[in-house]
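Colleague: I've got a new model open and I'm still learning how to read one. Can we go through it together?

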Amino acid sequence: MVEFLALTFLSGSRELLLPNPEDLGAANGQSAIFYTPDPGANGTLCHFLRWEGKEFLLEPAGPSFGEEKKLRKPLIFLLARPQILGFFADWKYSGEGLHHFELPTRVLARSARKQRRIPIEGNILMRSKNGRTLYGKLHDFSLGGASIFLDHDFLEPGEMVLVEFEIPECGNCETVATVARRERITHPIYPYLYGIYFNLTEAQRRKAEHLYLCKKAEQIKKVADSARDRFSGSVF
């Protein structure tokens, strides 16, 4: 978990010791994800709610089932724009669908890179203004837009479409998008690469932030696991 945090803040970060809540810039509705040390834990997506004295509250993005388990000191990433925060926090208790944590004593912070796309696999469904439904594959994704593969050149730059995209293990989002570009590529199934940018409502932006943060954290975790495995083998 410590390696995971360090890999996320390799460069351009600063350390905040015993921070005041107002110094962290977290606002209601911003996205967070936390990981516990439990084997197989995939991370829990949440909304930041508020500070209450020396504690803060997170609301899980999805429904919780059964009795809330005690959370061993989790690693939390919080997208507090224009920065991303990473820290360990002591869990206090969970109740009424909320998790209560102690104010962290050490926080790492760096600028959240805007519009940085991450390679991704996923499905996308597009509905054009003439009623045509198109199915494609995601190539990369950011909070501002995406690149997608399609099998036909049905769409024109400047055209607006309704899109619903699904990111495995993270969820889906529906929004209006505008076609920015079209490119012919060499691909046996999907010979057209389209660039689109999203026209997000505030609620859709929060959902997109959740998906982006979920996938980004998943990729960082894979890097951390790979680095750990590299040095865990037998010595000859």
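Colleague: Okay, among contacts between residues at least 6 apart in sequence, what percentage join residues at least 24 apart?

Modeller: Keep in mind that this is a predicted model. Start with contacts in the chain whose residues sit at least 6 apart in sequence, then pick out those joining residues at least 24 apart. That share comes to 61%.

Colleague: How many helices and strands does the chain have?

Modeller: Let's go by secondary structure. The chain has 236 residues. Its secondary structure comes to three helices and 16 strands.

Colleague: And what percentage of the residues count as buried?

Modeller: The cut-off to know is that buried means under 20% relative accessible area. The chain as a whole exposes about 12900 Å², with carbon and sulfur atoms supplying 51% of that. Of the 236 residues, the buried share is 46%.

Colleague: Which residue forms a salt bridge with Lys 92?

Modeller: There are five salt bridges in the structure. For this one, look at strand E7 (residues 91-95), where Lys 92 lies, and at a partner in strand E4 (residues 55-60), 37 residues apart. The closest N and O atoms are 2.6 Å apart, and the partner is Glu 55.

Colleague: How far apart are the closest N and O atoms of Lys 73 and Asp 90?

Modeller: These two form a salt bridge as well. Lys 73 is in the loop between E4 and strand E5 (75-80), while Asp 90 is in the loop between strand E6 (83-88) and E7, so the pair ties together parts 17 residues apart in sequence. Both are partly exposed, Lys 73 at 43% and Asp 90 at 41%. Their closest N and O atoms are 3.6 Å apart.

Colleague: Last one: which residues form a nonpolar patch on the surface?

Modeller: One member is in strand E14 (residues 160-167), and that residue, Leu 162, is partly exposed with a relative accessible area of 30%. Together the patch has about 220 Å² of accessible area, and its members are Met 160, Leu 162 and Val 176.

Definitions and conventions: Residues numbered from 1 in each chain as written. Predicted model: local features only at pLDDT ≥ 70, side-chain atom pairs only at ≥ 80, totals over all residues. Heavy atoms only, no water. Helix = DSSP H or I, 4+ residues; strand = E, 2+ residues; numbered from the N terminus. Buried < 20%, exposed > 50% of the residue type's maximum accessible area, 1.4 Å probe, protein only. Contact = heavy atoms within 4.5 Å. Areas by Shrake-Rupley, 256 points an atom, 1.4 Å probe, with all protein chains shown as cover. Patch = residues over 30% accessible without salt bridge, like charges linked within 9 Å, V, L, I, M, F, W, Y side chains within 5 Å. Salt bridge = Lys/Arg side-chain N within 4 Å of Asp/Glu carboxyl O.
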